[in-house]
Amino acid sequence: MSLTCLIKMKDLVNIVGLSRASIYRLMDSGDFPEAIDLTGSRSVAWREDEIQAWIDSRPRTTGINRGNQ
């Protein structure tokens, strides 16, 4: 059995660089990993491996906001 860490919203916002509202909007559209209900604590978390897979699946950009170099 392999263990995975759970990421709470405060840390998730910092990791993916999106606002809380944007994360929930992406979840609603099916474009972001679903949260896990942490029963009894009235909070949710995300599996670290699913978040990493989501990040890895995002397209890379080139030439955006690089200024006048």
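Which residue in the turn of the β2 and β3 hairpin has a positive phi? Gly40 does, at about 90 degrees, and the hairpin has 4 residues between its two strands.

Before going further, a word on the ground rules: this is a predicted model, where local features need pLDDT of at least 70 and side-chain atom pairs count only at pLDDT 80 or more, while totals for chains, interfaces and linings use all residues. Residues are numbered from 1 along each chain as its sequence is written, and side-chain values rest on heavy atoms, with hydrogens and water left out.

Let's start with the strands, which are DSSP runs of E with at least two residues, numbered from the N terminus; two of them pair if DSSP finds at least two bridges between them. Strand β3 (residues 43–47) pairs in the antiparallel sense with β1 (residues 6–8) over 3 bridges, and Lys8 has Ala45 as its bridge partner there. Strand β2 (residues 36–38) also pairs with β3 in the antiparallel sense, over 3 bridges, with Leu38 partnered by Ser43.

Now to the charged side chains. The whole structure holds 2 salt bridges, each a side-chain nitrogen of Lys or Arg within 4 Å of a carboxyl oxygen of Asp or Glu.

| Salt bridge | N to O distance |
|---|---|
| Arg47 and Asp49 | 2.6 Å |
| Arg47 and Glu50 | 3.6 Å |

Through shared partners, Arg47, Asp49 and Glu50 join into one network. Partly exposed means a relative accessible area between buried (under 20%) and exposed (over 50%), using a 1.4 Å probe and protein chains only. Arg47 is partly exposed at 28%, as are Glu50 at 33% and Asp49 at 36%.
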